[in-house]
Structure formats: structure tokens, C-alpha cells
Amino acid sequence: MEALAYPHSYEVYEREVGVEVNLSERLWNWRVVPSAFGLHLLAVAALVLLVTPPDFARANGELLATGEETFRTAEPLESATQPLPEEPPQAAELREELRQLSQQKTDFLSEGTNAAAAAAELAKTAKTEAEWDNVEKFWQQAIAAMKSVQKSDRDYALAQQKISEYQTNLERARQEPKTLPQKPPERPEPKQEAPSPTPVQSPDRAAQKPLEPPESSQVQSDFFYEGTNAAAAAAELAKTAKSEAEWDNVEKFWQQAIAAMKSVPESDRDYALAQQKISEYQTNLERARQEPKTLPQKPPERPEPKQEAPSPTPVQSPDRAAQKPLERPEPKQEAPSPAPVQSPDRAAVPPAPSAPQTPEETPASKPPQSEEQSQKSPSPAAEPVPESPDVALPPDFFYEGANAAAAAAELAKTAKTEAEWQNVAKFWQQAIAAMESVPKGDRDYALAQQKISEYRANLETAKQQPSKNARSQPAAPSSALKPAEKVAPPPPKTDYFYQGANAAAIAAQLAQTAKTPDDWDKVEQAWQKAIAAMKSVPKSDRDYPLAQQKLREYENAIEYARRMPDDFSKGIQAAEQAVELGKTAKTQSEWQTIAQNWQRAISAMKAVPPGHSQFAIASQKIIEYEYYLDSIKEKLQSAISPMTFEKAIRGNLSPKSIVYSGRGKFFVQNMMYGHTIAVYNQQYELIRTLSDAVKLSDFGYKDYPGTYRGAPVEAAFSHSGQYAWVSNYQMYGSGFGNPGDDRCSPEAKHDPSFLYRINTDTINIEKVIKVGSVPKYVAVTPDNQYVLASNWCSWDLSVVDPEKNQEIRRIPLGAYPRGIAVDSNSTRAYVAVMGSSNIAIVNLKNFSVDWIKNVGAGPRHLNLSPDNRYLYASLNSEGTIAKIDLSTNEWQKVRTGNAPRSMVLSADGQFLYVVNYFSNTVSKVRTSDLKVLQSLPTDTHPIGITYDPDTQQVWVVCYSGSIMIFQD
């Protein structure tokens, strides 16, 4: 019966076990579904009854009764409970193997970095257009893998950074054959002659650095990675260093490693490990400095590690899977060892999904190595040993032989003494032994036999070289040996089986969490890629029979994925989500989400066609779900808590606006009537009253000697809350004789004014910046790149660069620009032009201007919803609030009072609070339907408003001289 648990496993069961599963025994059968549905209905009803409030009791009781009736009247599952014929002996073993393979979690970061490493390696020698096409394919694989890293993965941020880097490299690969049609530029030889060690990878960072992006791209340095690589080079060179010059080279590498580790910032997750490494590397540096002095004649032979020769840079077969990223090294181990290289065509191939995995089903990893075991192989001046991957793989003798040959060829370049040539000979012997171990069934067997004779010739040359050196001077050049390029593996070819297996793994992973139709579309696309790859496996490939088997398996899986998102399934899923959310829902926003799920469930059931097998049940569900939706709506109506008056603050105030900093402080701007900014805390206490008097010459404006006064209008905060930017209606003092007023135009050439930047910790003015005439509203872009000020009398928008401390652009907008709202991506700014009925859309990338026209008379204040979809505008002249759908430029309106002016949204965007200047009220509006829920009285002429999400309090300032706090 295990095969009946999930529909897509029928064909696998029939094929592997040899027993046909009758159609009547499948879960999709009409007789089985109602019975299963009755059980499901009972379970859902019980859960809802336990977790929902009392006013749902009656509905849940009716649901329970319906479920019991369905259960009693449903036909028994006779065919589904009868035992299947006896299974062959291998059936259980096959099922267990499939289950274990399905539990393997795809490491997309590892796959991406492996593909990038392969691309970078191939790019080193690519010359023809076909070779560059191959490089391009690997970069595409790397990008696709990085895009598959889940947001919940700890490496998600690194994956996003790598996507940009790999896309740059992909573009370079695409352009390379066109820009260099004749001959690619010579690649510079590395300055150091010593063999390049295998990079010691920052444990949870990308495996191998790909091609560096162009200089124009800004990629942050990975100092930890640089440090570990320098340390690996030092440790490698120390193994063979004898002369003082060689030890100097070792010392340089340790110094580079220490400098890199010291550059790791405190915010880096590897900072603590970097500090530990600094101490370790300094010890190794001292040993390197003392080595030539303690051993002036002849250094004692260094103890050979278990692997007798240093591991060269791997010569990787391009069509094999790249090396698995190294695990984080254990600090107690001191000797570096090369990471094992996985033979790609041995990698386990994930089957089609047979059942959703739970976290408990994830196979446990192997226990860590004991401390005693980890300290068996120490060697001098070395890096910690990285742990080997958990997966035990058969040795890849061809790969080992190619690596040993590469090491021999590299060492032969500088070999002079008899001992050095003996070391070269040892490597050739290792290479020959490895190639002789390649089995006849291996696809590289023929090439291995060819390499054996080639390596034997090189071995003989190495053995004869010392005697030649003794007879003639200078020593024979290393060119006597065949170049290392001959050790390279065969030309790359596309491994379609490997690509298909990877695509299948992605599809299986996506299917485990797929719920919405869009989710299942992605699953289907992944299976399509897997099927296309398996179809491309040539008949000559040894994996061809397995590819054909996988092809049938994947085709069954894609059919299952296509069946899943039908309307009936969508409705059931939406209803299940509503029930699940109802278990923990507490806030208004959470109950709104539940209502939306019930609405989706109803819409899906209404879309089920009459010919559908579940049409009758869908019709019943519509009635049931509508009842639940109505109950939720009633609950929402009764659950809305009323806003209540909390406290009033009065005194020496003439406020124009109030803004919350996000860090517990409220800034109140008192215009020219008070020439001050009053700062309060969340306990309603006045922290400081800051004068608007400044000496402009102290800030670089030498044309304005003496002290000047401002007139604070509005404020906006940087998105850390560290700075407040305050606009001044006008400046008072020598040189300012033509101030603006409420009715003005650019032709009058009114005086410019200034923005103040105030440190919110010290509450002092730190900078002043000249802008246009009568700046009113101020906004800071979320990325802190620009400060924007709407200039009432010069009819334009000032764009200020806070780093340069100056205005960098003016954008003409028309009569009386005021309110500003910036989207969360810092790409667009919306500006209300109060002397018209239009709202300007300013592109913050190129500063072009578009328009939302004829919204209503006198748009004054703007708010943008958290998802950037809706723009709210107070229309002062016509006395309404407009909600504009930015995807369609359509709007709806509501009247809140006489002359609505400033507004503020709640943190979740569910409510909009509006002050009505001539009505002397503050209104609470539900944004979903623009219903005015409440209006409370205020002091005369409420003009400014802000919201504190920490306390859920609304602060209102009135021109008559007060601050009023309301609790919501």
C-alpha cells in the first residue's frame, strides 16, 4: 500500500515491483476521494473548533455534523485496503534506496559555485567560439543554481551577490568571441614560480573564485578568503623551502595572510575566526623568520605528510562535477590537506519525488572526528585541515593521476638538485600508478593507457636529469619534459545526464513546498528541463539506459505537477491555509489575511466546471466557505479597537508639523512664530528646545556673515534615524530681503533658503545646505542617497547629495509643489503639485518626470503603501482623500472632513490617519475599502500628524499651540 500514498509513485511501484496497481485503487478514484474527504473534513472541523472564537462554534458544529454524515455514507475503501500480491525480494530494497535518495537536499550554493569554478577554469584556455559557448553554458548553470537558493538559507545574501558577479562574467563570455576573433590575449604568467596550492576556502563561502568582474563593478573584498589563500600558499612553500630566499618568500605569504585577516571587519561573520587565525599566523611567521638562522648549513629533512607530495592545483575534467565546497576547518588541526575531489558522474541522482519530506526525515550527518583522531598528522607551519565531505565516494584514479602529473611538470620547471629531481620522479611514479588503476569500465580508460606511456617517458627523463646536470652546466632546462598542458583532461563535453539529474533535484525540492498555481508552474518548468536534458543523453553514453528510465519517471512526475493546480485543488489549499492561520491569528492584519484566503477558496470553487468530478462537492463548499467568510468579516468589524484620546501637551508651541524619528524622539517644527524645534520623548517629556539660529559662514557660506534665523516647517529622518533634515520657510538676516510667501512665483526671484541637518543624538545643527525659495516638505530616499525638498516659490524640487553636502539638481514641477513620497526601492519620488490637480512622478535614476493627472484639486500630502502599490493623496481644495492604484492609475475617494491636510499610515498600512484643518478633527480610515471608522475632536486647526509604531500612538499638532496624543 505504500505505492498508494502519493499518485506519482504508481508507475515507479509497478516498474520496480512488477505488480500492476488497479485504477480503482488510486486515490483519485471517485469512490475513494469522498471517503478521504470526509476524514479530512472531520479533521479540519476539529481543528477549527478548538482554535476559533465562540462565535464560530455554531458553524464548526454544522461542519462536524456534515463531516460525520459524509464519513458514514461513504463507500468503504475495500479495494484500497486489500493486500497486494507478494512483492519480489528486491522491492523493499529498491523502495528504501529511492526513499534515501529523495531525502537528499540539493545544495544550490555548492552547485552554483562548482559551475562557476568550471566556467572560470575553461575560460583560461578558451579561444574558439565553441569553447566560449561552453564557458557561457557553465555561467548560465551557475546563475540558475544561485537563483534557486532559498531565502531561508543562510547563504541567500551571498548567493544574490554571486548572481550579479556571474551575470557580469556571462556577458564577458558572450562578448569574448566577437571582441577577440583572431587570437585571445596572452595570459600573464604568475609571478611566483612555486606550485600554486589548492585554495583553502572560507568554509561557508563560494568554493572557487570565478573570473573577476570588470573594474567598474563594485564587489566587496573577501579578506578572510584572501587570508586563508595566502596562508595556504605559505604552508605549501614551507614544505620545500631550504634557502634563505625561499624562506623569505614563505615569510611574505604569512605577512599577507595576517594583513588580510586584520582587514576582516567586525560585522563579518568570520571576524572571530579571523582573530584566532591572526595569532596562529603570527606564530608561523616567527618560525619562518627563525628557520634560516637556526639551520644555516643544511636544514633537516621535513617530515613527509601522509600524502608524500604537495597537492597541485587540480586539473579538473570539465564535464565532471566541480569540487564540493570545503567545510569550515577545525582550529585544533594544523596540517593542510587537499579537499577530496568528487567524480561528477558518480554523484547520486535524485529520483522523482515520491512523498513530501519532513524535517525529521532528513538524514543525519556523520559524527565529527574525535580530537584524538584529528591530531594524528601534524606538520610544520601549516593551515588547519578542512574536513572532508560527508559523502564517501570511490577514488577517481584518472583525476589523481592527472593531478600528480601536473605536480611533476610544475616541480620540474625549477628542479636543479638531485633531491629535487627525485621528488619529480616520485610524482611521475604516482601518476603512472594512478593511471594503471583506472578500471577498464571507466570512460577514461583508453586515455589513461595513453598517459601511462607518456608518463613513463617523463619518468625516465627525470631519472636521467641529475646525471646530465653533473656532466654539463648549466642544468638541463625543464623544457626537456613534456609540457604540463598534455596532462589536461580531454576537451569538455556537455554532461546531459548530470544536468537532467540536477534539474530533477530542483523540481523535487520545489514540489515539497508548492501550494499556489505559480508554485506548480515552476515545478513543471523544472521537470521540463530535466526531461529535455535526459532526452539529449546520446546512445553512446554509458548512462543512456538509466537516462531512459529517468525519462519515464520524470514524465510521470510532470503529469502529476500539471494535475495539481486545478481549481478544486486551489480552493482546498486556500481553505486549509485559512484554517491553519486561524489557529494563531491575533492581530487585525492576520484576520484580514484569513478573510482573503476564504475569498480565494470561494473564487476557486466557483471556477470548478460542471463536468469536473468534484463539482458537487465544490458547490457545497461554496456555501460553507461563504459562511466562514461572513463570520470573519463580522469578527473584523467587532475587533477594530476605537482610537481614544490619551494626553495633551500645551505650552510655548506654534507647531507646523511633527515627525517621529523611529528612535523614540518626536521633532516639532515651530515655524517663524517660535524659531525653534521642540524635541519630545515617548514619555511626553520635552528633551530640548533647539533654536534655529545659525552662523552660515561657519558652514562655508562666506557671503552671509553673522547670525541668521530660520523658520522650521517640516522634517524628515535618515533611515537609520541618526539625522533629521529640517526645511526653513525663509531666512532672517542681512542679505535676505525678498522672502517668499503663500502666493508667489519664480519670476519674483525670492530669496533662497536652507535645510538643516540635525544630529538626533546631540540635537545640534551639524550642516546647512542652500536650496530653492520657501522649501516646504522634505523626504529622504530609503537608500539615503538623496534628500528631496519641494520649493513652494521657485516651483521646483531640490535634489541634495548628503555626502557632498550640496544641492546637485533642480527639477521644475509647476505651481506650489508640496508633499513628497518615495518608493521603497528609491527609484521613484511622487510630488504633490498643490497649485494643480496633478501629481508628478520623478525618476530618481535619470530625473525625468511623468505625471498622474486630474486626481483632484489641491493635492497636498502624500503617503505610499508599504508594498508601493497604492498612493494616498489629501486633496485640500475639494476636501477628500484619494487612493490611487499605481498599477492602473485609477483611484477612489472618501471625504473625511473640511480641508484634510497631513496624513500618516499605520506601520502595516491597514489604517490611514488624517487631520482635518477646518473641521478640527482627526479621522481613522481603513485603507482596504476607504471606510472612515472614526473621527475624534482636536484643538483648533490640526495641521501635523505622525505615528509611533512602538506604542501605536498617533501624535497630532495644532496651530493653536498644542500636541494631542491618541491611543490606537
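Visitor: What should helix 19 span at 1.5 Å a residue?

Guide: Helix 19 covers residues 567-582, so its 16 residues should span 22 Å, and the 23 Å between its end C-alpha atoms agrees with that. The expected span is 1.5 Å times one less than the number of residues. Helices here are DSSP runs of H or I with at least four residues, strands are runs of E with at least two, and both are numbered from the N terminus.

Visitor: What sort of model is this, and how are residues numbered?

Guide: It's a predicted model, where local features need pLDDT of at least 70, side-chain atom pairs count only at pLDDT 80 or more, and totals for chains, interfaces and linings use all residues. Residues are numbered from 1 along each chain as its sequence is written, and side-chain values use heavy atoms, with hydrogens and water left out.

Visitor: Back to helix 19, which residues are buried?

Guide: F568, S569, G571, I572, Q573, A574, A575, A578, V579 and G582 are buried in helix 19. Buried means under 20% relative accessible area, exposed means over 50%, and partly exposed is in between, with a 1.4 Å probe and protein chains only. As background, an α-helix has 3.6 residues a turn, so residues three or four places apart point the same way.

Visitor: And helix 6, how many of its residues are buried?

Guide: 14 of its 16 residues are buried, so helix 6 is largely enclosed by the rest of the structure. Helix 6 takes in residues 108-123 and reaches 22 Å from its first C-alpha to its last, close to the expected 22 Å.

Visitor: Zooming out, how many helices and strands are in the chain?

Guide: The chain has 22 helices and 28 strands. Of its 968 residues, 50% are buried.

Visitor: What share of the contacts joins residues at least 24 apart?

Guide: That's 57% of the contacts between residues at least 6 apart in sequence. A contact means heavy atoms within 4.5 Å.

Visitor: OK, strands. How do strand 8 and strand 9 run?

Guide: Strand 8 (residues 754-759) and strand 9 (residues 764-770) run antiparallel, joined by six bridges. Two strands pair if DSSP finds at least two bridges between them. One of the details is that I758 has I765 in strand 9 as its bridge partner.

Visitor: What's in the hairpin between them?

Guide: Four residues lie between the two strands, and I763 in this hairpin takes a positive phi near 55°.

Visitor: Salt bridges next. How many does a search of the whole structure find?

Guide: The search turns up 24. The criterion is a side-chain nitrogen of Lys or Arg within 4 Å of a carboxyl oxygen of Asp or Glu. Take D692 and R709, whose side chains meet at 3.0 Å, N to O.

Visitor: Are those two buried or exposed?

Guide: D692 is buried, with a relative accessible area of 0%, while R709 counts as partly exposed at 33%.

Visitor: What about R810 and E807, how far apart are N and O?

Guide: Their salt bridge has 2.5 Å from N to O. R810 is partly exposed at 36% relative accessible area, and E807 counts as partly exposed at 24%.

Visitor: Which residue does K924 pair with?

Guide: K924 forms a salt bridge with D968, with the closest N and O atoms 2.8 Å apart. K924 lies in strand 24 and D968 in the segment after strand 28 (962-967), so the pair ties together parts that are 44 residues apart in sequence. K924 counts as buried at 2% relative accessibility, and D968 counts as buried at 14%. Elsewhere, salt bridges that share partners join E136, E171 and R174 into one network.

Visitor: T921 is in strand 24 as well. What does its side chain make a polar contact with?

Guide: The side chain of N916, at 2.9 Å. A polar contact is a pair of N or O atoms within 3.5 Å; within protein, one must be able to donate a hydrogen and the other to accept it, and residues adjacent in sequence count only if both atoms are side-chain atoms. T921 counts as buried, at 16% relative accessibility. Not counting residues up to four places away in sequence, T921 touches several residues, including L936, T938 and P942.

Visitor: Last one, where does C958 sit?

Guide: C958 is in strand 27 (residues 953-958), and it is buried, with 0% relative accessible area. Leaving aside neighbours within four places in sequence, C958 is in contact with residues including P655, T938, P942 and M964.
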